[in-house]
Protein chains: 2
Amino acid sequence: MPRIALDAFGSDARPEPELAALALALDGGLDIDLVGDSEQLEARLPAGYGDRLRLIHAAAQIGMDESPARAVKSKPDASLNVAIRQLVAGEVEGVVSAGNSGAILASALLGLGRIPGVDRPAILTRFPHLDGNTVVLDAGANVECRPLNLVQFAVMGAVFAKLEHGCERPRVALLSNGSEPSKGTALTRASANLLTSHPSEQFEFIGYVEPGGLFEGQCDVAVTDGWTGNLVLKAAEGAMRIWLRVLDRAGPPALALAQTQTTLASLTEQLDPDAHGGAQLIGVDGTVIICHGAAGPRALYNALTLAQRSATRGLTHTLREAIAIHRPLFDAARSSRVPEPTS
Amino acid sequence: MPRIALDAFGSDARPEPELAALALALDGGLDIDLVGDSEQLEARLPAGYGDRLRLIHAAAQIGMDESPARAVKSKPDASLNVAIRQLVAGEVEGVVSAGNSGAILASALLGLGRIPGVDRPAILTRFPHLDGNTVVLDAGANVECRPLNLVQFAVMGAVFAKLEHGCERPRVALLSNGSEPSKGTALTRASANLLTSHPSEQFEFIGYVEPGGLFEGQCDVAVTDGWTGNLVLKAAEGAMRIWLRVLDRAGPPALALAQTQTTLASLTEQLDPDAHGGAQLIGVDGTVIICHGAAGPRALYNALTLAQRSATRGLTHTLREAIAIHRPLFDAARSSRVPEPTS
């Protein structure tokens, strides 16, 4: 059973949600390294789990408002950094943190580095549709991207969709403002040309999909830059949440109905950052899951199980192989130029 | 009472929705020029409205799959072009079409031109929140933008919010991936600097807002490029629509509830392109409303009333004045350079 490190001082309400998630995880059969200030944590640990629970001392914390890169470098004994070092040392096979996502990215890059051949890691998240999930990346790690980044996201997203969702040959699309090839931007068109001219055995490139298609299962993996992915995700979350508030305003019968409809509730949970299981930081050389700062115990627990599944299924190893296999695509992308916008 | 021209051959189901909207509009007291092939339309016109309804013959139509710019130029007698010419000639004070939005933009630019000082017109749409609407532009006219475009959208969006929503001094924000000034892209940061260093008496620039804030009324006007605006709009629509489908699956009681909750129903209608009143093409020198190709009679009717209000309230005239007043801002924007993305 792969052991997972949990950063005890990541979330906004640190360490309460992490301690509650720890209890759920131990009950659920997971082995955990809890990483944080032992003085604050020791008296609060659940007893009777023996070696399944280890407390790893880390004297410092990284604040939500600190400059991510600077904090990661200046605080080697921050709980996040110590958790990543546990992974580097092979003491654990995955890390979960609800800290500043920029800091998690910086710490993972510093400690683990990238999978050989990967230029930029991405944040991989999932959109629910009525019959499953659509993988979406990048959800915010890279505000500016070039075609090389997008085609690497395509390869990595396809590996995730196969391992986590069981898609034998995932349908990969580029997120766009229309389905016709003439739509999109210089970036999406260059990326589409690369994916079309270098077909992969591991996934099927199906062209463009509009954001509405994410909710209809039109593709298994949707690829975009971190700016667009982040805003599309936040727009969808906002639109989902307004319905809950409308139901709330509509009064007790509607609210009760909403709460008892399991489909509704699970959809809301999937898109609600307070309840979401976390996003995979994909492309770094190890399993790292980023949770929302407002994550509660259930979200952190879901993230721990996702980390454990990623480790058990060999996600990082499979990504290494996929990145190596697709080298001709990446070589072509490296020499691809995106025309300057005309204005 | 300002007269409005309705392109009878715009929508996907042309001319049926347009004819049904015409009946609603005449009942509602609007004066209409219906523009299209008189042979097809004449026998189907409602009688008894005298001069309030005029049939303007246009022999040709522009198809949804035609190249917009080419079709507009090669078919001077297309219903869309004839409707725009009615506006240029002063026969009507607004045009509504559910045709190809690229063609509407091209026809309006060719016939009306831009308001003096405006570099790029934008598509202005509205997001509902629980207590009103947020103006969002550009929703898709300009995939690539520079700071000059965004600051002009800010000025025009503020004029619209004041005239249409009664915001005395609209709060204008730039759509971004976080609220801190360090977030955003080179484009948004350059635009934010310009709006901060050139404060306007007509609106208050409040910095960045995330997409979720659109649904919470955090600003009156949200400004973005046409790529981001289009994808955010479509993501929100997709997320709204999945709830309807979940309620549908949940069975008759839930569906009945959804249909009877007026708040819910009106929110859905506002975000549903089939029911939406249309988007204002802002920045061209006259009142033009673009409807979704799937627009039904109610949406077209709402668009006709929006066109009539814009004309009555002098939107174009007020925009001209606002553009002239903000010239120092635009001059500064013209010399603003956006740094190249580093990658």
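The legends below describe close-up views of a predicted model.

Residues are numbered from 1 along each chain as its sequence is written, while chains are lettered from A and ligands numbered from 1 in the order in which they are written. In this predicted model, local features need pLDDT of at least 70, side-chain atom pairs count only at pLDDT 80 or more, and totals for chains, interfaces and linings use all residues; side-chain values use heavy atoms, with hydrogens and water left out.

**View 1. Chain A in overview.** Chain A holds 14 helices and eleven strands. Both kinds of element are DSSP runs, numbered from the N terminus: helices are H or I with at least four residues, strands are E with at least two. Of its 343 residues, 59% count as buried. Buried means under 20% relative accessible area, exposed over 50%, and partly exposed in between, with a 1.4 Å probe and protein chains only. Take the contacts in chain A between residues at least 6 apart in sequence: 71% join residues at least 24 apart. Contact means heavy atoms within 4.5 Å.

**View 2. Helix α4 of chain A and A:Ile84.** Helix α4(A) spans residues 79–88 and includes A:Ile84. The helix is mostly covered, with eight of its ten residues buried. Among them are A:Leu80, A:Val82 and A:Leu87. A:Ile84 counts as buried because its relative accessibility is 2%. Beyond its neighbours within four places in sequence, A:Ile84 touches A:Val95, A:Ser107, A:Ala108, A:Gly111, A:Leu112 and A:Val288. Its C-alpha atom lies 6.5 Å from that of A:Gly111, 27 residues apart along the chain. Just after α4(A), A:Gly90 has a positive phi of about 80°.

**View 3. Helices α6 and α7 of chain A.** The axes of α6(A) (residues 147–165) and α7(A) (residues 186–197) come within 9 Å and cross at roughly 55°. Axes are lines fitted to C-alpha atoms, for helices over the stretch in contact, and angles run from 0 to 180 degrees between N-to-C directions. The two helices are therefore oblique to each other. Angles under 35 degrees count as roughly parallel, over 145 as roughly antiparallel, 65 to 115 as roughly perpendicular, and the rest as oblique. A:Pro147, A:Leu150, A:Val151 and A:Ala154 of α6(A) meet A:Leu187, A:Ala190, A:Ser191, A:Leu194 and A:Leu195 of α7(A).

**View 4. The sheet of chain B.** Eleven strands form an open sheet with mixed pairing, in the order β3-β2-β1-β4-β11-β10-β5-β6-β9-β7-β8. Two strands pair if DSSP finds at least two bridges between them. Neighbouring strands are turned by 25° against each other on average, direction ignored. Helix α1(B) (residues 16–27) packs on the sheet and touches β1 (3–7), β2 (31–36) and β3 of chain B. The direction of α1(B) makes about 165° with that of β2(B).

View 5. Strand β7(B) (residues 171–175) runs parallel to β8(B), joined by four bridges. B:Arg171 has B:Glu204 in β8(B) as its bridge partner. Helix α7(B) (residues 186–197) lies across β7 and β8 of chain B, at about 160° to β8(B).

**View 6. Cis peptide bonds.** In chain A, the bond from A:Leu137 to A:Asp138 is cis, with omega near 5°. A:Asp138 sits in the loop between β6 (132–137) and α6 of chain A. In chain B, the bond from B:Leu137 to B:Asp138 is cis, with omega near 5°. B:Asp138 is in the loop between β6 (132–137) and α6 (147–165) of chain B.
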